[in-house]
Amino acid sequence: MTYPTDFYDAAQQLIAAGRFIDSKAWVPATSGNFSLRLADGTIAITVSGKHKGRLQTSDIMLIDAEGRSLDGKKPSAETLLHTSLYQHFPDIHAVLHPHPLNSVLISKCYQQRCILENYELLKAFPGIQTHESQLIVPIFANDQNIARLANLVNSYLASVEVCHGYIIEGHGLYAWGQTLNDALRHLEAFDFLFACELQLKGMKPL
């Protein structure tokens, strides 16, 4: 097929992001999935079952805004969670879903949400100008029914004014941004803040 002109650049960005995220040990085995929204509204996303630290161009595929494959490759089972975020946030162009140990542990320590407050690094997130802020990270029960999980996430997002990421219990973290670099910054900030919370609880973070 003929890919959009910005597809190959997006693929290279996702490959580089995969190597960086893998270097942090946030995507063990073949876990995780990443995507970028292209100028025409289609989405470049990692195919199912590939190690994110060893991605090649052939491991990036193209889907439409509803998550349907446009090139015959198989997307992740969690593709709907990506497309739902793009539909909810028209200004974002990157969604990253790794499985950092700290986010998994946080999901086991907190019920329904983790509240991050009075940390300087909260200013890594858009709209936060002071450490005297509070950021709520919702935690959703894991569910193999992705459509049902997506509906639950969508309902939550519709009920709040601000959300920069969420955790699936025992699973991993979703973060996003206007650019891929923004999304990567948010991932790093979340991991540091989750490590702080774990240490405060007497647990040893990664």
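Keep in mind that the model is a predicted one.

**Stop 1: helix 3.** Start by selecting residues 101-109, which make up helix 3. Show the side chains of N102, S103, V104, I106 and S107: these are the buried ones. Residues three or four places apart in an α-helix point the same way, because there are 3.6 residues a turn. Now bring up what covers that buried set: the cover includes strand 5 (113-117), strand 6 (134-140), strand 7 (165-168), strand 8 (172-177) and helix 5 (180-200).

**Stop 2: the largest pocket.** Next, select Q111, Q112, R113, I139 and F140. Of the 14 residues lining the largest pocket, these lie nearest its centre. The space in there is about 270 Å³. Which elements give two or more residues to the lining? Colour helix 3, strand 6 and helix 4 (146-159) to see them. Strand 6 gives the most, with four residues. Colour by residue class and the lining splits into eight nonpolar, three polar and three charged.

**Stop 3: the second largest pocket.** Move on to this one, with a volume of about 190 Å³. Pick D91, I92, P126, H164 and W176, the closest to its centre among the 14 residues that line it. Helix 5 gives the most, with three. By class, this lining has six nonpolar, four polar and four charged residues.

Conventions. Residues are numbered from 1 along each chain as its sequence is written. This is a predicted model: local features need pLDDT of at least 70, side-chain atom pairs count only at pLDDT 80 or more; totals for chains, interfaces and linings use all residues. Side-chain values use heavy atoms; hydrogens and water are left out. Buried means under 20% relative accessible area, exposed over 50%, partly exposed in between (1.4 Å probe, protein chains only). Contact means heavy atoms within 4.5 Å. On a 1 Å grid over the protein atoms alone, a cavity is a set of points where a 1.4 Å probe fits but cannot get out, and a pocket is an open set with protein on both sides within 12 Å along at least five of seven lines; lining residues have an atom within 4 Å of a point. Grid points are joined across faces, edges and corners, and a volume is the space filled by probe spheres set on the points. Ala, Val, Leu, Ile, Met, Phe, Trp, Tyr, Cys and Pro count as nonpolar, Asp, Glu, Lys and Arg as charged, and the others, Gly among them, as polar.
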